[in-house]
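Me: I have a structure here and would like to talk through its side-chain contacts with you. Shall we take it question by question?

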Amino acid sequence: MLLLSLLFKAALLRLVNSYHPFYNGFYYNHIMNDDDNGHEKVIDFNGVRLVVETSKDPIYSFSGANVTLPCHYHHEPESEAKHKIRIKWSKLRDDYTKEQDVLVAIGKTYMAFGDFRGRAHFHRTGQRDASLLISDVRLQDDGKYRCEVIDGLEDASDVVELRLRGIVFPYQPPRGQYSLNFHEAEKVCQEQGALIATFHQLFQAWSEGLDWCNAGWLADGTVHYPIRLPRKPCGGVHLAPGIRSYGPRHLHLHRFDVFCFSSTLRGEVFYLEHPTRMTLEEAKQACQDAGAEIAKVGHLYSAWKFHGLDRCDAGWLADGSVRYPIAKPRANCGPAEPGVRSFGFPSKGRFGVFCYKER
């Protein structure tokens, strides 16, 4: 019995050592190079290689727009043979693992999935074009996309990044500072017509001047805050400007503020006033009477950022806060810098109202 076991193991070892990986009808061989750097070089004896190329630079767009993510493929050297090509687009997480399927195409037939159904299309302008057209771009479309081309058993892919032009704003709920766990933070951003910001979006906002000393959640479950002017309460005067990090935090137990991200608007924000001003409930009704809805915080920030909304009158917003946007600083309208000023969440008082109307 022992002899049979040893013979079986010896035969299995010979099979393993003699095995050559089979790929697309051709054998491949692995040969160590001789430049003493310890890296393994793969020699392809096939002689034909599938190459997929996308844009190396990010593709920029904004909410409500249509955008094309370019992707092209070819063989090296060029081959005249007819190929049954399958194309697959996926949206990726920041660590490049798949988040969701977007579109699969075989020939002229394609299918979109999930939130992309009806919005994602195979944009083919040439024989080797695998580009993706996304219509009616949404906030959640921001991110990385993989274009994968499959030719029989061979496949190749490349990644392109879609970035939405937008604005990051810090948010505290009515109950005060550092009162949101991660899941509550995600929810309040959505309630304000926004999404919880990514680190890239926060970094971009910091590079454009955002300075905020309160720590807030980001989409990956980490907590950060952006500092342009170092000072004692915000990490110390001797630290360089930058994004301060608390690292990953417990999504249920730890509580902070949140950074939200909003893009350009599909509608218009406008101000309504009343001779005697309004309570919050009266303000909501006034917007409805005007064929609109009371504006959300994300609406106001976007209108200020992208449409230059400037109003030196405080107005109610949907979350019960009172704010006003200043594009051109002037006397009696707050600090010397442009921005959205806040009066907090007054329990009493009468003000105007900012309304939002879809186009």
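This is a predicted model: local features need pLDDT of at least 70, side-chain atom pairs count only at pLDDT 80 or more; totals for chains, interfaces and linings use all residues.

Me: Nice. How many residues apart in sequence are the parts that this pair of Tyr246 and Phe256 ties together?

Reply: Tyr246 belongs to strand 20 (residues 242–248). Phe256 lies in the loop between strand 20 and strand 21 (257–263), and Phe256 is buried, at a relative accessible area of 7%. The parts tied together are 10 residues apart.

Me: How many aromatic pairs are there in total, and what is the geometry of Phe182 with Trp217?

Reply: The count comes to 13 aromatic pairs. For Phe182 and Trp217, the ring centres are 5.6 Å apart with the planes at 70°. Since the planes are over 60 degrees apart, this pair is edge-to-face.

Me: Where in the chain do Phe182 and Trp217 lie, and how many residues apart are they?

Reply: Phe182 is in helix 2 (residues 182–191), while Trp217 is in strand 18 (residues 216–217). Phe182 is buried at 7% relative accessible area, and Trp217 is buried at 0%. The pair links distant parts of the chain, 35 residues apart.

Me: Which ring does the charged end of Arg228 sit over?

Reply: A charge sits over a ring when, among other criteria, it is within 6 Å of the ring centre. Lys144 lies over the face of Tyr96 at 5.4 Å from the ring centre. The charged end of Arg228 is 5.4 Å from the centre of its ring, which belongs to Trp206.

Me: Turning to the cysteines, what is the handedness of the disulfide of Cys71 and Cys147?

Reply: The protein has five disulfides, and in this one the sulfur atoms are 2.0 Å apart. Cys71 in strand 8 (residues 71–76) is linked to Cys147 in strand 14 (residues 143–151), 76 residues away. The torsion about the S-S bond is about -80°, so the disulfide is left-handed.

Me: Which helix and strand does the link of Cys287 and Cys355 tie together?

Reply: The two cysteines are joined by a disulfide, S to S 2.0 Å. Cys287 is buried at 0%, and Cys355 is also buried at 0%. The parts tied together, 68 residues apart in sequence, are helix 4 (residues 280–289) and strand 27 (residues 352–358).

Me: Last one: is Cys312 buried, exposed or partly exposed?

Reply: A disulfide joins Cys312 to Cys333, with -120° about the S-S bond. Cys333 is buried, at a relative accessible area of 4%. Cys312 has a relative accessible area of 28%, so Cys312 is partly exposed.

Technical notes. Residues are numbered from 1 along each chain as its sequence is written. Side-chain values use heavy atoms; hydrogens and water are left out. Rings of Phe, Tyr and Trp (its six-membered ring) pair if their centres lie within 6.5 Å; planes under 30 degrees apart count as stacked, over 60 as edge-to-face and the rest as tilted. Helices (H or I, at least four residues) and strands (E, at least two) are DSSP runs, numbered from the N terminus. Buried means under 20% relative accessible area, exposed over 50%, partly exposed in between (1.4 Å probe, protein chains only). A charge sits over a ring if NZ of Lys or CZ of Arg is within 6 Å of the ring centre and within 35 degrees of the ring normal. A disulfide is a pair of cysteine sulfur atoms within 2.5 Å.
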